Structure formats: C-alpha cells, structure tokens
Amino acid sequence: MTEGFRVKNYGQPVKRYCQTMDLKDDPELIAEYRRRHARENAWPEILAGIRQVGILDMDIYILGTRLVMIVETSLDFDWDEAMARLATLPRQQEWEEYMALFQDCRSDATSDEKWQMMERMFHLYD
C-alpha cells in the first residue's frame, strides 16, 4: 500500500472531487462489496455510464468501513448535471439498489445522496 499509485496525465488541467461514504460494519458485506468492485465483476454499463457523463477517472479507497472516492473531470464539468444524467442511464438504478445492501445509507438513496462531498481544507500552497 505504500508504493503509491500512478496518476494519469490528461494533457490539460482537471478538476478533482473527493467524496466519502460508510459501509455497514459487517466484514462479510465489506468483502462482498470489494469483490463486486473488482475489475472482473464491474458492470460494463456502469463503467460506460461513468465515462459517458464526462468523468475521466474515478478511484475508491477503503479503510475499515470508510470509503473515499476521488473523481477527476474536465474543467467545464458540471457535477449536478452529470449526476442527474448518470441516474437515468442503463442499469444505474439497479446498481444503486444492489450497492445499498452494503452501504450505511437509505436503501432508496441515489448515488449523489449516498456519497458526501468532502471539503478541501489543505494543499501544498504555491
């Protein structure tokens, strides 16, 4: 875990969003949540939808029950518009309902309601 992760180079400035959410405190559910997000189990329609709304990259990190998601987009990306559009794409609602089994949230919550936007409170100042 301490070797780090390579960051993509888009050849242009990008925006970064960070969000957080908690999973239910159940080791079996957490293990299944991790398994459902593995490359071989990811639903192609969900990955395509994420890209279709303009998300360039997305990472989810986990520590215990806490998730942190990092999303990178173009500078002209409109978060609210993209999330509204994403909610209408194929299998998105089915995915949200399935993921709600693992997440510590309302079972009928949308993705944008589940994930709470984090405030950037520090960076290495220029």
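Helix 1 and helix 4 are roughly antiparallel to each other, where angles over 145 degrees count as roughly antiparallel, those under 35 as roughly parallel, 65 to 115 as roughly perpendicular and the rest as oblique. The model is predicted, and local features need pLDDT of at least 70, side-chain atom pairs count only at pLDDT 80 or more, and totals for chains, interfaces and linings use all residues. Residues are numbered from 1 along each chain as its sequence is written, and side-chain values use heavy atoms, with hydrogens and water left out.

Two packed helices are described by the angle between their axes and the distance between the axes. Here helix 1 spans residues 27-36 and helix 4 spans residues 92-99; they pack at an angle of about 155°, with their axes 12 Å apart. The axes are lines fitted to C-alpha atoms, for helices over the stretch in contact, and the angles run from 0 to 180 degrees between N-to-C directions. Helices (H or I, at least four residues) and strands (E, at least two) are DSSP runs, numbered from the N terminus.

On the helix 1 side, Glu32, Tyr33 and Arg36 meet Trp95, Tyr98 and Met99 of helix 4, contact being heavy atoms within 4.5 Å. The residues of this contact divide into four nonpolar, no polar and two charged. In this division Ala, Val, Leu, Ile, Met, Phe, Trp, Tyr, Cys and Pro count as nonpolar, Asp, Glu, Lys and Arg as charged, and the others, Gly among them, as polar.

Aromatic rings come next. Rings of Phe, Tyr and Trp (its six-membered ring) pair if their centres lie within 6.5 Å; planes under 30 degrees apart count as stacked, over 60 as edge-to-face and the rest as tilted. By this rule there are nine aromatic pairs. One of them joins Trp43 and Tyr98, whose ring centres are 6.3 Å apart and whose planes are at 5°, so the pair is stacked. This pair links distant parts of the chain, with Trp43 in the loop between helix 1 and helix 2 (44-52) and Tyr98 in helix 4, 55 residues apart. Trp43 is buried at a relative accessible area of 11%, whereas Tyr98 is partly exposed at 24%. Buried means under 20% relative accessible area, exposed over 50%, and partly exposed in between (1.4 Å probe, protein chains only).

Phe77 and Trp79 form an edge-to-face pair, because their ring centres are 6.1 Å apart and their planes are at 70°. Phe77 is buried, with a relative accessible area of 8%, and Trp79 is buried, with 10%. Tyr33, Trp43, Trp95, Tyr98 and Phe102 form one aromatic cluster.

Thr73 lies in strand 3 (residues 66-74) and is buried, at 0% relative accessibility. Not counting residues up to four places away in sequence, Thr73 touches Val14, Lys15, Tyr17, Gly54, Ile55 and Leu56.

Arg91 is found in the loop between helix 3 (79-86) and helix 4. Its phi is near 70°, a positive value in a residue other than glycine. Arg91 is partly exposed, with a relative accessible area of 33%.

The cysteines remain. A search of the whole structure finds zero disulfides, a disulfide being a pair of cysteine sulfur atoms within 2.5 Å. Cys18 is in no disulfide, and the nearest cysteine sulfur, that of Cys105, is 20 Å away. Cys18 is partly exposed at 26% relative accessibility, and Cys105 is partly exposed at 25%.
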